[in-house]
Amino acid sequence: MKQQAERINFKPFGRAIKSAGEKKGLTRKELAVQIRISPRYIASIENSGQTPSLQVFYRLVTCLDMSVDQFFFPEKVVAKTTQRRQLDTLLDNISENGLRIITAVAKETADTEQKTSLK
């Protein structure tokens, strides 16, 4: 007896691709050049949720520093979201002095959020 394969809804992935590209300052055309596909193919993934090939999927998530756990395991807590992975990439290019500044801001933000949640 054949089992029906569960079809993954790629519309949230398409929206995330679009958002991640915008955050990186990439146009659809620039992204297409980087991962060697047509801009039209990216548009169909972003707007229609077209299922990308495994190769294209891999190129997209690595180019855009995306976490895919949120799409495959939405009920689980994701260790590193796409935004955290993108921040990690940015931090790799910041000087030690810049990292000290960012650390101070992060500590202050965490303290403020903790105080707010206790009220």
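## The nonpolar core

In this predicted model, the largest nonpolar core is made of 19 residues. Those with the most contacts inside it are Phe 13, Ile 17, Leu 31, Ile 35, Leu 60, Leu 64 and Met 66. Helices α1, α2, α3 and α4 each contribute at least two residues to this core, and the largest share, 5 residues, comes from α4.

Setting aside its neighbours within four places in sequence, Leu 31 is in contact with Ile 17, Leu 26, Ile 42, Leu 60, Cys 63 and Leu 64.

## Where α2 meets α4

Now look at two of the helices together. Helix α2 spans residues 28-35 and helix α4 spans residues 54-63; they pack at an angle of about 115°, and their axes are 10 Å apart. The crossing of α2 past α4 is right-handed.

Which residues make the contact? From α2 come Leu 31, Gln 34 and Ile 35, while α4 brings Arg 59, Leu 60 and Cys 63. By type, the residues of this contact divide into 4 nonpolar, 1 polar and 1 charged.

Helix α3 covers residues 39-48, and its buried residues are Ile 42, Ala 43, Ser 44, Ile 45 and Glu 46. What lies over them? The cover includes α1 (11-23), α2 and α4.

Technical notes. Residues are numbered from 1 along each chain as its sequence is written. This is a predicted model: local features need pLDDT of at least 70, side-chain atom pairs count only at pLDDT 80 or more; totals for chains, interfaces and linings use all residues. Side-chain values use heavy atoms; hydrogens and water are left out. Axes are lines fitted to C-alpha atoms, for helices over the stretch in contact, and angles run from 0 to 180 degrees between N-to-C directions. Helices (H or I, at least four residues) and strands (E, at least two) are DSSP runs, numbered from the N terminus. A crossing is left-handed if the near helix is turned anticlockwise from the far one by less than a right angle, and right-handed if clockwise. Contact means heavy atoms within 4.5 Å. Ala, Val, Leu, Ile, Met, Phe, Trp, Tyr, Cys and Pro count as nonpolar, Asp, Glu, Lys and Arg as charged, and the others, Gly among them, as polar. Buried means under 20% relative accessible area, exposed over 50%, partly exposed in between (1.4 Å probe, protein chains only). A nonpolar core is a set of buried Ala, Val, Leu, Ile, Met, Phe, Trp, Tyr and Cys residues joined through side-chain atoms within 4.5 Å.
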